[in-house]
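Hi,

Here is the structure I promised to pass on. Have a look at it first, and then read on for what turned up when I went through it.

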Amino acid sequence: MSDASAPLPSGPDSTRVDRWLWAVRLTKTRSDAAQACRGGHVRVNDRPAKPASVVKAGDEVRVRLHGTTRIVEVSHVLEKRVGAPLAARCYVDNTPELPAQATIPVIRRDRGAGRPTKKDRRLLDRLRSDLPPPV
């Protein structure tokens, strides 16, 4: 039987938010989840969450980790860590897609080339401001 069709393990009606974040693999360790809660990076139903805050099916959890905010809805409560395919089935990811950022060419000088000359600086300024080169 594959993990996608395997039944979800039975769990309690509710559990601690730090334990759930770790069990569904949103954080690497439970102490990371608890630290995120203490730092104010976790909200349950738009309320700041302490590590011992209760989470149950239907709750919305917002987690800010590594510079990104994940918005997930709890669909199944777990207390023990499970495999990644099962863990992904325990929440619905409602995180909005990030807008595509315009790629700006990065202007780099050779290492050890020293400080740019006045002419180099003017060329760099033109490239950065998209002005046409002088004729």
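The largest nonpolar core has 26 residues, and those with the most contacts inside it are Val-17, Trp-20, Leu-21, Val-24, Leu-26, Val-42 and Val-61. At least two residues of this core come from each of α1 (17–23), α2 (30–38), β2 (42–44), β5 (60–65), β6 (68–74) and α3 (84–88). Helix α1 gives the most, with 4 residues. Keep in mind that this is a predicted model. As general background, nonpolar side chains tend to be buried together in soluble globular proteins.

Leaving aside neighbours within four places in sequence, Val-17 is in contact with Cys-37, Val-42, Val-44, Ala-49, Lys-50, Pro-51, Ser-53 and Val-55.

Next, the aromatics. The count comes to 1 aromatic pair. Trp-20 and Tyr-91 form this pair, which is edge-to-face, with 6.3 Å centre to centre and 75° between the planes. Trp-20 lies in helix α1 and Tyr-91 in strand β7 (residues 91–93), so the pair ties together parts that are 71 residues apart in sequence. Both Trp-20 and Tyr-91 are buried.

Now for the sheet. It is an open one, made by 5 strands in the order β3-β2-β5-β6-β7, and the pairing is antiparallel. The edge strands are β3 (47–48) and β7, each of which pairs on one side only. Between β2 and β3, which run antiparallel, there are 2 bridges. If you zoom in there, you will find Val-44 opposite Arg-47 in β3.

What about the cysteines: how many disulfides are there? The count comes to 0. Cys-37 is buried, with a relative accessible area of 4%, and Cys-90 also counts as buried, at 0% relative accessibility.

The side chain of Asp-18 makes a polar contact with the side chain of Arg-16, at 3.1 Å. Beyond neighbours within four places in sequence, Asp-18 is in contact with Arg-30, Ala-33, Ala-34 and Pro-51. Pro-51 also turns up in the contact list of Val-17.

Cheers

Definitions and conventions:
Residues numbered from 1 in each chain as written. Predicted model: local features only at pLDDT ≥ 70, side-chain atom pairs only at ≥ 80, totals over all residues. Heavy atoms only, no water. Core = buried A, V, L, I, M, F, W, Y, C linked by side-chain atoms within 4.5 Å. Buried < 20%, exposed > 50% of the residue type's maximum accessible area, 1.4 Å probe, protein only. Contact = heavy atoms within 4.5 Å. Phe/Tyr/Trp six-rings, centres within 6.5 Å; stacked < 30°, edge-to-face > 60°. Pairing = 2+ DSSP bridges. Disulfide = S-S within 2.5 Å. Polar contact = N/O pair within 3.5 Å; in protein donor to acceptor, adjacent residues only side chain to side chain.
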